[in-house]
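Subject: Structure for your review

Dear colleague,

Please find the structure below for your review. A short account of the findings follows it.

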Amino acid sequence: MEKLNSADAVDVKKLGFFGDLVEKCYTLMDNKKIKWTVLAVILGLMILFPFTTTNYWISVVQNAMFFALLAMGLNVIVGYTGLCHFGYAAKFAIGAYTTAVLVRQFGWDFWLTLPVAVVTSILAAIIIGGPTLRLRSDYLAIVTLGFGEIVRITARNLQITGAASGLSGIRRPSFFGIHLTSVTHWYYVFLVLVVIYIIVSYRIKNSRFGRALEYIREDEDAAQAMGINTTKFKLFAFIVGSVMGGIAGSFFTVRMGAISPQSFQFLMSANILLAVVLGGMGKIPGVILGAAFISMFPEFFRNVPFVGDARMLFFGLLLVIVMIRRPQGLWPDRRR
Amino acid sequence: MALMEVKGLTMRFGGIVAVDGLDFEVEEGTITALIGPNGAGKTSAFNCLTGFYKPTSGSITYRGESMIDLKPHQITYKKILRTFQNVRLFKEMSVLENVMSGAHSISNQFVYGALTRSKSARKEEREILENAERCLDFIGILDKKDKVAKNLSYGDQRRTEWARALAAKPDLLLLDEPAAGLNAEEKGKLIELIRRFRKELGITVFLIEHDMSLVMEISEKITVLNFGKKIAEGTPAEVQSNPLVIDAYLGTGDDDDEEGSPWVK
């Protein structure tokens, strides 16, 4: 730890070209006008994007946005609070199955299933978090891993969830008279969700609640000494992360029109965690870019000769290199 | 009635008795110290007071209420704040954010307030921020508020920790070896600061320390601990002239004596 600290102290003095650039960008962003202009331009480009490209790329980007939602939800648990969570796919499976079962088996309207999905997500978080959040983080990792598998296997074996083949023919909802069927419709739905999730993430980060989570991540004893009931705050981090995953799962269900236990394998949990760690735990832009990278990288290289077939191999290699060179994640920090 | 009363405090780890039947009191508005050679049981006693250890037996009362079954965060809510022997800051966060943590126990916004950013939530945020800045100003490191805690010098890290404890508006401040690692000049500033805590903020201070010069200069009452037991109690002058204390710190002169100073080992 001491070594790390002294290395950081050196970094402050000599930033290098890239470090200077980062510092300049941060300084520029201190100006509120410039910051909001940049954000407006990015949002504008995202809105215009579907008019410039094919359905294939629209759905690739939409999928990346779905991934970003999950990553932002997991970020509350892993990034802010520093808890290990290896079963996040289960959290969005719960939202997804709640909606799927209610729409397909009971004929509910999609929008009405959302509050139910929120409730089931909260219950799942309390059931799994209540007894386990007292555990040290490595045990928590094992428990969440097990939980992820339990949810998937339960879904595979219940009749109501369609067993191994899952549920299909889930009716797509309407929104103020627009029947959400096309790829472009869903692109915009997910764009709106991403904007909402970003606002939620920032609001949590800059609040007494969010800071308490970060204090727990940094030093649990010191956090307790400042009056933070660590068990309670960890549980609420779990609940918030779970609800964010559950809602994303509900939308995933109706967008796909079908779900099966295949969608919630351990690989999915691992990929979401990877997005958070790769982008930079706790840093919202980093987490979003991490999610975009994880979900889009294989698509970009699909058609490149030689690389195409072995793209997952290169993907893995790249991740290893990134994690060795930048263990704190890709998104650069300000040097203060 | 004393602000805090400790009676028969005993802390046992397996066969080792770290604190053995310790009695002492902290009067409101005083600066009280618990001293003793290395390994005397000071830190174990301190951890019992702050709820980090659960004592084997004995009682600790604060304003007449028992504190034995309270968890560390509940003790903080009683306006008893502590610092750590090896500075424990939130390393990756800014100095300001570190000090804002102090206000946790005197504010109450939760998830709902965070998401809706209601009027009361924003007002409380502003108060937390202003309170933190006032505390940094009091300690004299307001100019460093935007620095990341891990990049501060050691002395400034200590100061940040004091500011963080102050931000909780404590009635009783428990300092765990506050002078550890400070140079002579910084110690001088610390003495002045501890006096200002009491004079300007009305805080009762209790510290454990083995730096004798600091303790003798600021405390009004000193309890001396050796091998987990209280061997003396009184004003700095009384304690300094007590033969048992001199023995504990300097040894009896007989190195074969089993009860000799732990320094001789």
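This is a predicted model: local features need pLDDT of at least 70, side-chain atom pairs count only at pLDDT 80 or more; totals for chains, interfaces and linings use all residues.

Residues are numbered from 1 along each chain as its sequence is written, chains are lettered from A and ligands numbered from 1 in the order in which they are written, and side-chain values use heavy atoms, with hydrogens and water left out.

**The interface between chains A and B**

In chain A, 33 residues are in contact with 40 residues of chain B (contact means heavy atoms within 4.5 Å). The two chains bury about 3,300 Å² between them, with 59% of it on carbon and sulfur atoms; buried area is the accessible area (1.4 Å probe) that two parts lose on being put together, summed over both. On the side of chain A, the most area is lost to chain B by Arg208(A), Met226(A) and Arg336(A), together 27% of what that side buries.

Three salt bridges link chain A and chain B (a side-chain nitrogen of Lys or Arg within 4 Å of a carboxyl oxygen of Asp or Glu). One of them joins Arg211(A) to Glu125(B) at 3.0 Å, N to O. Asp219(A) and Arg88(B) also meet in a salt bridge, at 2.6 Å, N to O. That pair runs from the loop between α9 and α10 of chain A to the loop between β6 (80–82) and α3 (95–100) of chain B; helices (H or I, at least four residues) and strands (E, at least two) are DSSP runs, numbered from the N terminus. Over all chains, the structure holds 27 salt bridges.

**The second largest pocket**

This pocket has a volume of about 750 Å³. A pocket is an open set of points on a 1 Å grid over the protein atoms alone, where a 1.4 Å probe fits, with protein on both sides within 12 Å along at least five of seven lines; lining residues have an atom within 4 Å of a point. The volume is the space filled by probe spheres set on the points, which are joined across faces, edges and corners. Of its 28 lining residues, Asn63(A), Phe67(A), Asn271(A), Ser295(A) and Glu299(A) are the closest to the centre. Helix α4(A) gives the largest share of the lining, eight residues.

With kind regards
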